[in-house]
Amino acid sequence: MKKIGQAHLYYLMLITPIVALAVSSLFEDDHWSVYSSLGSSLGLSLVITGNLLAQMKPETLVLAYNQLKTVINKQESGLKLR
């Protein structure tokens, strides 16, 4: 890990699912349809989102959570007034 560097490992972690899906579809002769591409896109986006969240610092996640909670509370209080 010291030779490659931590930043490069993060990029590798993000790119691996995309490369795996491409290689799998090439070698397994996978024919894409509307439903399979939607499912693959959804699954790929969930995997990449999970990888990004795993790489974030805990302080950043707490800050983002608190900001999101504030926005949701403001929206809920606006709905109660109507």
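Me: What makes Tyr-11, Ile-15, Val-19, Val-23, Leu-26 and Phe-27 a nonpolar patch on the surface?
Reply: Together these six side chains present about 680 Å² of accessible area. Nonpolar side chains (Val, Leu, Ile, Met, Phe, Trp, Tyr) are joined within 5 Å, like charges within 9 Å. Areas come from the Shrake-Rupley method with a 1.4 Å probe, and for residues only the protein chains shown count as cover.

Me: On what kind of model does this rest?
Reply: This is a predicted model, in which local features need pLDDT of at least 70 and side-chain atom pairs count only at pLDDT 80 or more, while totals for chains, interfaces and linings use all residues. Residues are numbered from 1 along each chain as its sequence is written, and side-chain values use heavy atoms, with hydrogens and water left out.

Me: Why is Val-23 called partly exposed?
Reply: Buried means under 20% relative accessible area, exposed over 50%, and partly exposed in between (1.4 Å probe, protein chains only). Val-23 has 38%, and is therefore partly exposed. Val-23 belongs to helix 1 (residues 6-27).

Me: Is Asn-51 buried or exposed, and why?
Reply: The relative accessible area of Asn-51 is 14%, so Asn-51 is buried. Its place is in helix 2 (residues 34-55). Of the 82 residues of the chain, 6% count as buried.

Me: Which residues does Asn-51 touch, leaving out those up to four places away in sequence?
Reply: Contact means heavy atoms within 4.5 Å. On that criterion Asn-51 touches Met-13, Leu-14 and Pro-17.

Me: What class does Met-13 fall into, and why?
Reply: Met-13, in helix 1, has a relative accessible area of 33% and is therefore partly exposed. Beyond four places in sequence, Met-13 touches Asn-51, Ala-54 and Gln-55. The C-alpha atoms of Met-13 and Leu-52 are separated by 9.0 Å, although the two residues are 39 apart along the chain.

Me: How many helices and strands does the chain have?
Reply: Helices (H or I, at least four residues) and strands (E, at least two) are DSSP runs, numbered from the N terminus. The chain comes to three helices and zero strands, in the order α-α-α.

Conventions:
Patches are made of residues with over 30% relative accessible area and no salt bridge: like charges are joined within 9 Å, nonpolar side chains (Val, Leu, Ile, Met, Phe, Trp, Tyr) within 5 Å. A salt bridge is a side-chain nitrogen of Lys or Arg within 4 Å of a carboxyl oxygen of Asp or Glu.
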